[in-house]
Amino acid sequence: MKLPVKGAPRGHIFALVTVLIWGMTFAASQIMVGYLDPYWFIVLRFGLAWFLLFLLSPKPLKPMAWQQERWVVLCGILGITLYYILQNIALLNSTASNTGILGSTSPIFTALWLCIFSRKVKLRPLFFLGFGLCMAGVVAISGGGGGGVHLLGDSIALAAALCWGLYCVFVVNTEGLGYTALQMTRKILFWGVLLCLPFALLLGDVTTARAFATEGARIWGAFLYVVVCSSMLCYVFWGKATTLLGSVTTSLYMYLMPVFTVIGSAIIVHDPVTPFTFLGIAAILLGVGLSQRGSVPVEPPQGAEEPPAEVPEK
C-alpha cells in the first residue's frame with residue numbers, strides 16, 4: 001500500500017535527524033564505556049529513557065497476545081539488547097569512528113534479511129558486487145586506521161550492524177497494533193532493558209555504576225545526551241520514519257552515518273583520520289548504493305495479503 005505523499009517529507013526529516021544524532025553518539029558512548037561497565041551502561045541508559053517516556057505517556061501498557069507481543073520482544077532483543085551489547089564491546093576494542101562507519105553497512109543486511117524472511121526483495125548480482133565492496137571497505141578501515149588494527153572490535157561492530165538490519169525488518173511488524181510511536185518505543189525499551197539485565201547481573205561490574213555517580217559534568221553530559229537524544233527521541237523518530245517510508249528506504253539514511261561519526265569522533269574523542277578511513281567510507285557507501293540497486297522489491301500478486309516477516313521454526 002502506498003503511503004500518503006504528505007507523510008513522506010516528515011519521514012525523511014525523522015530519519016535524517018536520527019542518523020545525525022546517532023552518528024555523534026558513538027563518541028559519547030566511547031566516553032561512557034571508559035567509566036561505566038558496558039552492560040550496566042545499557043541498563044541505566046535505556047532504563048532512564050523508558051522512565052522519561054513513561055512520564056510523557058504514563059498510560060499503563062498491557063501485554064498483547066503473544067502473536068503480536070513477539071514482534072515487540074524480538075525488536076527489544078535485536079535493537080536494544082544484542083545491538084548495544086555488541087556495539088559497546090566494539091567500542092572497547094576499536095575506535096568510535098570505526099564502529100560508526102561499520103554500522104553504515106546495516107542497509108545491506110536489511111535487504112538480505114528481507115529476502116530471507118519475507119521474500120519481499122529479490123537479490124540480483126549487483127547486490128553481491130556491492131556487498132563485496134562493503135567488505136573491502138571494512139578491510140581498509142580495520143587494517144589501515146591510524147589507531148592500529150582493530151580486527152576484533154571491527155568484527156563485533158559488523159555483527160552489531162547485522163543485528164540492526166534484522167531489527168529494521170521486524171520493527172515494521174509493530175505497526176497497526178493500537179499503540180502510538182511513543183508507546184511502542186516504551187514497550188521495545190522495556191523488553192530490551194529486561195533482557196539485558198541478566199547479562200549485567202552475571203557479566204557486569206556493578207561497582208562501576210556506583211563510581212559513575214561521582215563523575216563530573218563532562219561524563220554526565222555525555223550520559224544525558226545518549227539517554228535523551230539517542231535513546232529516547234531517536235527510537236521514536238526511527239519508528240515514525242520506518243512507518244512513513246518503509247524499512248528499506250529508511251535504512252538508506254545509514255549512508256550518512258560515517259560522515260557524522262568521523263566528524264564527531266575526531267572532534268570529541270580525537271580519533272585518527274587517515275586516507276584509509278576515507279577509502280573505506282567511499283567503498284562502503286558505493287557498496288551499499290550498488291546493493292540497494294541490486295535488491296528489487298517483489299510485488300505480491302494482486303489481491304494477495306502480505307504476511308509479516310516470520311521467524312523460522314526451530
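Among contacts in the chain between residues at least 6 apart in sequence, what percentage join residues at least 24 apart? Hi everyone, that is where I'd like to start, and the figure is 88%, where a contact means heavy atoms within 4.5 Å.

A quick word on ground rules. This is a predicted model, in which local features need pLDDT of at least 70 and side-chain atom pairs count only at pLDDT 80 or more, while totals for chains, interfaces and linings use all residues. Residues are numbered from 1 along each chain as its sequence is written, and side-chain values use heavy atoms, with hydrogens and water left out.

Now the overall picture. The chain's secondary structure comes to 13 helices and 2 strands; these are DSSP runs numbered from the N terminus, with helices being H or I of at least four residues and strands being E of at least two. Of the 314 residues, 51% are buried. Buried here means under 20% relative accessible area, exposed means over 50%, and partly exposed is in between, with a 1.4 Å probe and protein chains only.

Let's go inside. The largest nonpolar core has 85 residues, and Trp164 and Tyr167 touch the most other members. Helix α10, residues 217-245, gives the largest share of this core, with 13 residues. A nonpolar core, by the way, is a set of buried Ala, Val, Leu, Ile, Met, Phe, Trp, Tyr and Cys residues joined through side-chain atoms within 4.5 Å. As background, nonpolar side chains in soluble globular proteins tend to be buried together. If you click on tryptophan 164, you'll find that it touches Trp22, Gly79, Tyr83, Ser106, Tyr235, Trp238 and Met254, leaving out residues up to four places away in sequence.

On a 1 Å grid over the protein atoms alone, a cavity is a set of points where a 1.4 Å probe fits but cannot get out; a pocket is an open set with protein on both sides within 12 Å along at least five of seven lines; and lining residues have an atom within 4 Å of a point. Grid points are joined across faces, edges and corners, and a volume is the space filled by probe spheres set on the points. Helices α1 and α3 each supply at least two of its residues. By class, that lining has 7 nonpolar, 3 polar and 1 charged residues, with Ala, Val, Leu, Ile, Met, Phe, Trp, Tyr, Cys and Pro counted as nonpolar, Asp, Glu, Lys and Arg as charged, and the others, Gly among them, as polar.

Serine 29 is buried, at a relative accessible area of 0%, and its contacts beyond four places in sequence are Phe41, Arg45, Gln87, Leu91 and Val226. Alanine 28, also in helix α1, is buried at 7%. Alanine 28 touches Ala222, Tyr225 and Val226, again not counting residues up to four places away.

What about charge pairs? The count comes to 1 salt bridge, meaning a side-chain nitrogen of Lys or Arg within 4 Å of a carboxyl oxygen of Asp or Glu. The partners are glutamate 69 and lysine 187, at 3.3 Å from N to O. Glutamate 69 sits in helix α3 (residues 66-93) and lysine 187 in helix α8 (residues 181-203), so the pair ties together parts that are 118 residues apart in sequence. Both glutamate 69 and lysine 187 are buried.

Helix α8 brings us to the last stop, the second largest pocket, to whose lining α8 and α10 each supply at least two residues. Its volume is about 300 Å³. The pocket has 17 lining residues, and the closest to its centre are Glu175, Ala181, Gly239, Lys240 and Thr243. Helix α10 gives the largest share of the lining, 6 residues. By class, the lining has 8 nonpolar, 7 polar and 2 charged residues.

Is glutamate 175 buried or partly exposed? Glutamate 175 counts as partly exposed, at 34% relative accessibility. You'll find glutamate 175 in the loop between α7 (151-170) and α8, touching Thr242 and Thr243 when residues up to four places away are set aside. Thanks, everyone!
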